[in-house]
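User: I would like to learn how to read the features of a structural model with some care. Could we go through one together?

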Amino acid sequence: MEREKFKAYLAWATICIVWGTTYLAIRIGVEDLPPMLFAGFRWLLAGLIFLSVMLLRGKKIPDKKSIIRLSISGILMLGIANGFVVIAEQWIPSGLTALIITTMPFWMAGFESLIPEGVKLNKTTLLGLFFGFGGTALIFSNEIHHFAEGSYLIGIILVFGAMISWALGSLYSKYRKADTDPITGSTIQMIVAGSVQTIIGLSIGEFEHFAFTTDSLIAFSYLVIVASMAGFAAYMYAINHLPLSFVTTYAYINPIIAIFLGWLVLDENISTEMIFAALIIFVGVGIVKRGSIKINTLSENKE
């Protein structure tokens with residue numbers, strides 16, 4: 001059990017770091033590539049690579065019921081949620097995208113509390129979520145006056161839609177588990193979501209504008225190998241072994257990574273307010289973890 005917990009926390013740490021880098025990679029990619037095919041080819045290629053490895057290792061394709069469940073969660077999380085984020089980053093900065101995504105734990109915790117068998121909110125968890133969101137909001141406080149300008153609003157709406165879809169997909173995956181291991185499950189989800197996005201992209205004529213540049217090829221390769229294959233598999237493992245309220249705190253750490261990369265790659269400014277906000281975020285992560293431990297302890301005592 002301790003070994004499983006260690007692996008689960010390691011998976012959580014992986015998505016905290018890796019998915020914090022994806023905002024920059026997506027932003028670079030959509031500068032040259034049409035969004036739906038960029039996203040669709042990413043997931044489809046990653047899924048097919050996973051599938052090849054899986055078959056070579058002698059693993060079996062899940063049964064029909066599991067494939068249906070994996071397809072539903074995959075479309076919600078990767079097809080819709082990720083697709084919306086990629087489209088949105090044509091118009092809004094990667095850092096702003098990361099800010100909006102910090103509201104995702106609220107959606108996740110709120111929706112889960114409505115499920116009869118779901119984990120109910122407690123004061124400690126709510127306090128931690130409040131700290132995390134407050135700290136991240138402070139990071140981008142200077143951007144608020146841009147929110148309603150031009151296509152910014154469309155981008156913001158899309159990212160909020162992505163958060164709702166991702167939360168619903170995660171909860172469906174958790175409470176309607178497929179009879180397969182996380183890696184095999186991730187493989188099916190990637191292939192299904194990537195196929196849907198690719199079909200949409202081809203149907204709206206994006207292929208005519210699909211041409212790699214050096215930067216977009218590097219971004220695409222990184223997203224396929226690191227963000228898709230390593231990151232999503234780690235996420236699926238984490239949500240099946242840790243409380244969702246804790247796993248979703250990765251969204252508080254992602255903006256810190258995004259800010260650092262913005263400074264390193266795009267020469268963006270890092271202010272004192274940003275450093276202070278980062279400290280608040282880590283406090284929030286700690287409080288949410290404490291609240292999750294309390295919930296688990298109470299559940300074990302009842303049993």
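User: What is the mean pLDDT of the chain, and where is confidence lowest and where highest?

Analyst: This is a predicted model, and the mean pLDDT of the chain is 83, with 90% of its residues at 70 or more. Confidence is lowest in helix H12 (residues 272–302), where the mean is 67, and highest in helix H3 (residues 64–88), where it is 94.

User: How many helices and how many strands does the chain have?

Analyst: The chain has twelve helices and zero strands. Among the contacts in the chain with a separation of 6 or more, 91% are between residues 24 or more positions apart.

User: How should I read the nonpolar core, and which residues touch the most other members?

Analyst: In soluble globular proteins, nonpolar side chains tend to be buried together. Here 51% of the 303 residues of the chain count as buried, and the largest nonpolar core holds 76 residues, of which Trp166, Phe232, Tyr235 and Tyr250 touch the most other members. Helix H9 (residues 214–239) gives the most to this core, with 14 residues.

User: Which residues form a nonpolar patch on the surface?

Analyst: The patch is formed by Phe260, Trp263, Leu264, Val265, Ile270 and Ile275, which together have about 570 Å² of accessible area. Helix H11 (residues 250–266) provides the largest share, four residues, and Trp263 lies in this helix. Trp263 has a relative accessible area of 40% and therefore counts as partly exposed, since that class lies between 20% and 50%. For the chain as a whole, the accessible surface comes to about 14,200 Å², and 68% of this belongs to carbon and sulfur atoms.

User: How should I read charge pairing, and how many salt bridges does a search of the whole structure find?

Analyst: Side chains of opposite charge can pair when their charged atoms come close. A search of the whole structure finds one salt bridge, formed by Asp181 and Lys59, whose closest N and O atoms are 3.8 Å apart. The pair links distant parts of the chain, 122 residues apart, with Asp181 in the loop between helix H7 (152–175) and helix H8 (182–203), and Lys59 in the loop between helix H2 (35–56) and H3.

User: Are the two partners buried, partly exposed or exposed, and why?

Analyst: Asp181 counts as partly exposed because its relative accessibility is 26%, and Lys59 is also partly exposed, with a relative accessible area of 33%.

Definitions and conventions: Residues are numbered from 1 along each chain as its sequence is written. This is a predicted model: local features need pLDDT of at least 70, side-chain atom pairs count only at pLDDT 80 or more; totals for chains, interfaces and linings use all residues. Side-chain values use heavy atoms; hydrogens and water are left out. A nonpolar core is a set of buried Ala, Val, Leu, Ile, Met, Phe, Trp, Tyr and Cys residues joined through side-chain atoms within 4.5 Å. Buried means under 20% relative accessible area, exposed over 50%, partly exposed in between (1.4 Å probe, protein chains only). Helices (H or I, at least four residues) and strands (E, at least two) are DSSP runs, numbered from the N terminus. pLDDT is the predictor's confidence in each residue, from 0 to 100. Patches are made of residues with over 30% relative accessible area and no salt bridge: like charges are joined within 9 Å, nonpolar side chains (Val, Leu, Ile, Met, Phe, Trp, Tyr) within 5 Å. Accessible areas come from the Shrake-Rupley method with a 1.4 Å probe; for residues, only the protein chains shown count as cover. A salt bridge is a side-chain nitrogen of Lys or Arg within 4 Å of a carboxyl oxygen of Asp or Glu. Contact means heavy atoms within 4.5 Å.
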